[in-house]
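Trainee: Could we go through this structure together? I have not looked at it before.
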Amino acid sequence: MLKRTLLALPLVALLSSSLLAGCDDKKETAAKPQEKILRVGTNPTFAPFEFQGKDAELTGFDMDLIRAIGKQMGYKVELHNLAFDGLIPAIATGNIDMAIAGMTINEDRKKQVNFSVPYYTSGLIILVNPDNNEVKSLDDLKGKRIGVQLGTTGAFKAATVPDAKVVTFNNSDEQFLELSNKGVDACINDHPVVAYYLVQGGKGKMIGNVMEEESYGIALKKGNDELTKKVNDAIAELKKNGEFDKIHKKWFGA
Amino acid sequence: MSIDLDFDLIIDNLPLLLKGAAVTLEITALSVGIGLLIGMVVGIARLSNFKAIRWLAGIYVDFIRGTPLLVQIFLVYFALPKILGMRIDPFFAAVAACSINSGAYVAEIFRSGIQSIDKGQFEASRALGLNWFQSMKFVIMPQAFKRIIPPLGNEFIAMLKDSSLVSVIGFEELTRTGQMIISRTYAVFEVWMVVAILYLIMTLCISRLVAVLEKRFNTSKR
């Protein structure tokens with residue numbers, strides 16, 4: 001008798017939990033049939049564009065911008081936290097509608113996704129440890145270890161350095177951590193992100209000039225021209241009514 | 001709906017993926033090998049007559065089994081250098097984290113294998129004048145060995161798959177190699193399919209090997 005009760009217990013637990021889970025779903029979809037949701041993917045390890053704020057909410061220039069765009073379009077923005085190199089595949093499969101993640105518009109990516117109009121202009125910079133006086137330019141990185149974030153233009157740039165060992169990380173902060181642990185000789189990442197890291201107290205120094213002029217865009221599903229147009233119209237409207245400048249000033253002081 | 005498989009892409013990148021698979025096998029073999037040595041010592045320590053030794057071994061096993069391997073890898077690779085003040089080689093960190101992890105699970109395999117041997121065996125060998133070490137070495141361990149082989153084989157297979165976690169420190173084993181190819185080519189479906197198949201081939205081979213070993217050691221018993 002006891003044995004049978006004990007056997008039945010986990011079965012009952014499993015069944016009741018699946019029933020409860022089913023209940024929740026029905027309630028949610030029933031309550032919000034009118035709300036249009038924009039599922040936006042991002043990789044919040046890229047301050048000041050997207051990062052985890054003190055209260056665990058995703059914050060940053062990109063985050064403020066996408067929320068403003070969503071509001072302008074009349075959609076509710078639902079943020080999804082993904083690895084950077086997982087963003088474009090997620091758009092392709094339809095897991096997310098778009099991605100905003102300091103993503104540079106380039107030819108390779110344009111083959112996979114639609115891009116909005118550029119909303120920020122940036123470039124790449126090399127970061128080394130404060131006590132490193134050897135490395136002064138990209139050429140000095142020959143044969144060295146370079147830390148990068150997987151799938152970024154910084155990674156592609158590092159791949160062009162002859163004989164360099166490129167070490168890939170999923171997140172921006174991990175590559176900086178690796179540099180401070182002396183696991184790599186330098187990092188290559190987007191200039192504003194490196195600058196912000198140093199301003200926040202990160203140890204290191206930027207060397208050389210800003211490389212590659214790059215424009216960030218919002219990535220959307222390839223061929224989804226309707227949504228792309230809506231996003232572009234929203235950005236244009238935000239630039240017109242001053243919202244865009246307000247957000248830019250908040251994060252970049254100008 | 002059709003799935004267009006880019007076979008050319010698969011063939012072009014196969015050498016890279018095979019290299020990644022070789023690295024996976026290498027760190028798995030090393031980790032389980034070292035884990036075996038650690039596990040043997042700790043497993044027996046768990047059965048020691050000395051409370052202090054039992055207690056220390058218990059802490060090690062509880063900590064490792066109670067924390068995710070991913071967190072252990074982060075601790076070894078990112079946190080430890082901060083304490084030591086020097087960098088740790090990725091290969092060393094990967095093998096260290098996986099060995100220490102494997103060691104705890106192997107310890108439990110050894111402990112339960114030894115404890116499954118009838119207590120009468122130990123009592124009889126002691127009665128015959130063998131001390132604790134001799135009893136273990138000549139009577140208990142040889143019998144426990146047969147029972148330990150299947151779970152050890154499982155541990156090897158589990159570690160082979162868990163080794164994919166070292167991809168987070170950028171270590172270029174099979175999973176990381178797959179991610180790197182995808183970041184270049186965006187061929188998500190093709191690459192992950194091939195990676196999965198490669199893992200499957202490796203684990204199936206090991207399963208076969210373990211089955212052969214089991215048969216070999218069972219012929220002595222009727």
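Trainee: How many residues of chain A are in contact with chain B?
Mentor: There are 14 residues of chain A in contact with twelve residues of chain B, where contact means C-beta atoms, placed from the backbone, within 7 Å. This is a predicted model, in which local features need pLDDT of at least 70, side-chain atom pairs count only at pLDDT 80 or more, and totals for chains, interfaces and linings use all residues. Residues are numbered from 1 along each chain as its sequence is written, while chains are lettered from A and ligands numbered from 1 in the order in which they are written.
Trainee: Which element of chain A gives the most to that side?
Mentor: Strand 10 of chain A does, with three residues; strands are DSSP runs of E of at least two residues and helices runs of H or I of at least four, numbered from the N terminus.
Trainee: Changing topic, how do helix 4 and helix 6 of chain B cross?
Mentor: Their axes come within 9 Å and cross at roughly 145°. Axes are lines fitted to C-alpha atoms over the stretch in contact, with angles from 0 to 180 degrees between N-to-C directions.
Trainee: Which residues meet there?
Mentor: Those in helix 4 of chain B include Cys98(B), Tyr105(B) and Phe110(B), and those in helix 6 of chain B include Ile140(B), Arg147(B) and Met159(B).
Trainee: And what does Ile146(A) touch?
Mentor: Not counting residues up to four places away in sequence, Ile146(A) touches several residues, among them Leu141(A), Val161(A), Asp185(A) and Ile188(A).

Notes
Contact = placed C-beta atoms within 7 Å.
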